[in-house]
Structure formats: structure tokens, C-alpha cells
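Biologist: Pick one part of this model and walk me through it slowly, please. I'd like to see how it sits with its neighbours, plus enough of the rest to keep my bearings.

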Amino acid sequence: MAMNEYLKQYIELQKKFRETEGNPDSVRALYDFKEELEQCEDKRAKEVLVDVYDLLDYKKSAYDLLCQIGDCADRKTLKRLGTLKDYAGNWGDHYALPKPKTSEEKQKEKERQVQLGLPAFRYHPNPLETGAFVESAEGVICDCCGKSTHIYYTGPFFSVEDIEYLCPECIASGEAARKFGGSFQDDYSVDDGVDDPEKLDELIHRTPGYCGWQQEYWRAHCGDYCAFLGYVGARELRALGALEEVLDDSLWDQEQKEMIRESVNGGHLQCYLFQCLHCGKHLVWMDFD
Ligand SMILES: [Zn+2]
Ligand SMILES: [Zn+2]
């Protein structure tokens, strides 16, 4: 392959990405290309890989790779390294545009959670992915059951007692909420329209919460609370093909809809993505730092 072949392919994919404003297919195609280039030893492929990383906001990967392969006598390269260095330092790879998952990949993830012994949380189905739980190789002691756990909770827990670690089982069983008289979600900061008190009990006492800039709020639809899927901005919503769907929501006026369109994951205006467990509709909550 000549250099312009990698570059040509990149320009093509980038064009599609821009034209579709980053729809799921265009993002998936960039990910496939990224994986192909990562396997390739050709230096010209690596040069294009820097662009792919940069476009998908793998800022740290872009910076590290350019450090390795870039010509430091070249002014343009130095300038780009300078810009990337700031982003890499502030963002790392943390705000990379996520790859839209296939149903096969979703299934694999479920299996992994079962393998890890993670209980199923109806209203927070991927708590490892959202960061509500993190893994610890050496293990920590759960403040509730006193047992060692390799997965512990990092989200909010509203309780008068100072709790450091909770294991997934003590959250799922409701034991942590009972023992410490606490909750994972404020019961007033939820959408109306859910009549069954058992559902509210499950949400606030047996479901891991999420971390908002301000008071966390939980969306509801079809008479039930929604599943929290994670932290997003407009770009992530476009990549999931969900932006128009979340804007079709009477909760938001025109001005707020414009804000959602402008939101950036990890930025001043943060969106939190939910999905209805019954009809599948996506909804967001948003707040400011
Ligand atoms: Zn425990
Ligand atoms: Zn619904």
C-alpha cells in the first residue's frame, strides 16, 4: 500500500463522519480502520493512525503515538504535539467517542458481568461501564457485610454515616441502604408517572446511582423508571443514533434543546443518558458544572 492509500481511506471515512455528523455507521467504520492500522507496522499507517485517534478523541493515544513516530525537527509536528499534549493531559483517552456496540458485543458484556458475579441491576444495567463500580485487583473490605470484594461502588450514597466501600451484593439486596439508613438516589429528584412504590424502592435503595455535576435526577417513561446508560454529549448521542429521539421530549423547551445539541461529554453542560425499559425510547437529563 502506498501512503496515499491509507490517507485516501482516512479522508473518505472522515468525510462520511463529518457529513453524517458522526452517525453510528461512520463511527463504526472509523473504529474498524483504527483496529486495522493498529495491526499494521508501516510507519505511514501509524501517521494516519494519529489522525484517527485525534478524530475519535483518543487524545493521549494520539499524543503518545506522535511522540514515538513524529519528526521532532518538523515545526508542524512540534506544534501539533504542543496542542495534543494539553488535551492528553486534561482528557487522556477518557472522552474518546465510544464505539457503537453490536448486539453480539452487548451480549458478551452481559456474560462478563455474570462471570464477575455482578448482580443484575434493572435500572443501571452496565454499572462497570458507567464507572459506578470499579474493579480492584487486591480487593477492599465492604463496610456493610465486612467481606472482601474485588468490585466496589464509587457513586453517590446519601447516608449520615461515612461509608467508604460497598460491594455490589449489599446494594442489590438492599442491605446497605437498610443498615445505614441511606439511599442511592434522592426520592424527590425523579420523574413523575410511576405509581408502583416498589419501583421507587428498588431505584433508591437497591440501584447504584450515578454522579451528576449537581443533584442527580432519574428519568421515567411508560410508567417505570428508565435504565441509566451513561454520560454523553451531543456527539455520543449522534453516534448512538439517539440525538433526535432525546430531543423529542416535552420536558425540554427550544432553548434547552439547543443546549443538548451543543453539549459535550465532560464539558460544562453534561447529559446523562437513559433508556425506557418498555418502549426503548432514549431520554436525557442534563446539568451544568
Ligand atoms: Zn457487602
Ligand atoms: Zn417508554
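Modeller: What follows is a close look at helix H2, with a few other spots for context.

First, some housekeeping. This is a predicted model, in which local features need pLDDT of at least 70 and side-chain atom pairs count only at pLDDT 80 or more, while totals for chains, interfaces and linings use all residues. Residues are numbered from 1 along each chain as its sequence is written, and chains are lettered from A and ligands numbered from 1 in the order in which they are written.

The protein chain has 12 helices and seven strands; helices (H or I, at least four residues) and strands (E, at least two) are DSSP runs, numbered from the N terminus. Its C-alpha atoms fill a box of roughly 65 × 50 × 35 Å along the principal axes. Of the 289 residues, 33% are buried, where buried means 20 or more other C-beta atoms within 10 Å of the residue's own, exposed means 12 or fewer, and partly exposed is in between, with C-beta atoms placed from the backbone. Among contacts with a separation of 6 or more, 59% link residues 24 or more positions apart; a contact here is two C-beta atoms, again placed from the backbone, within 7 Å.

On to H2 itself. The helix covers residues 24-38, and its 15 residues reach 21 Å from the first C-alpha to the last, close to the 21 Å expected. That expectation is 1.5 Å times one less than the number of residues. Which residues of H2 are buried? They are Ser26, Val27, Leu30 and Leu37. Those four cover an arc of only 95° around the axis, so they sit on the same side of H2; the arc is that of the directions from the helix axis to the C-beta atoms. On the face turned away from this buried side you'll find the exposed residues Asp32 and Glu35.

Pro24 also belongs to H2. This proline counts as partly exposed because 16 other C-beta atoms lie within 10 Å. Ignoring neighbours within four places in sequence, Pro24 is in contact with Pro100, Ala239, Leu240 and Gly241.

What does H2 meet in helix H3? H3 spans residues 43-55, and the two axes come within 9 Å and cross at roughly 145°. Axes are lines fitted to C-alpha atoms, for helices over the stretch in contact, and angles run from 0 to 180 degrees between N-to-C directions. The crossing is left-handed, meaning the near helix is turned anticlockwise from the far one by less than a right angle (clockwise would be right-handed). H2 brings Leu30, Phe33, Lys34, Leu37 and Glu38, and H3 brings Ala45, Val48, Leu49, Val52 and Leu55. By class, that contact has eight nonpolar, no polar and two charged residues. For the bookkeeping, Ala, Val, Leu, Ile, Met, Phe, Trp, Tyr, Cys and Pro count as nonpolar, Asp, Glu, Lys and Arg as charged, and the others, Gly among them, as polar.

Follow the chain onward from H3 and there's a loop to helix H4 (59-69), with Asp57 in it. Phi of Asp57 is near 65°, a positive value in a residue other than glycine. Asp57 is partly exposed, with 19 other C-beta atoms within 10 Å. In H4, the buried residues include Tyr63, Leu65 and Leu66, and the buried residues of this helix pack against H3 and H5. Gly82 lies in H5, residues 75-91. With 10 other C-beta atoms within 10 Å, Gly82 is exposed.

One last point of reference takes us to Thr130, in the loop between H6 and strand S1 (133-141). Thr130 is buried, since 20 other C-beta atoms lie within 10 Å. Leaving aside neighbours within four places in sequence, its contacts are Tyr210, Phe228 and Gly230. C-alpha to C-alpha, Thr130 and Arg28 are 20 Å apart in space, and 102 residues apart in sequence.
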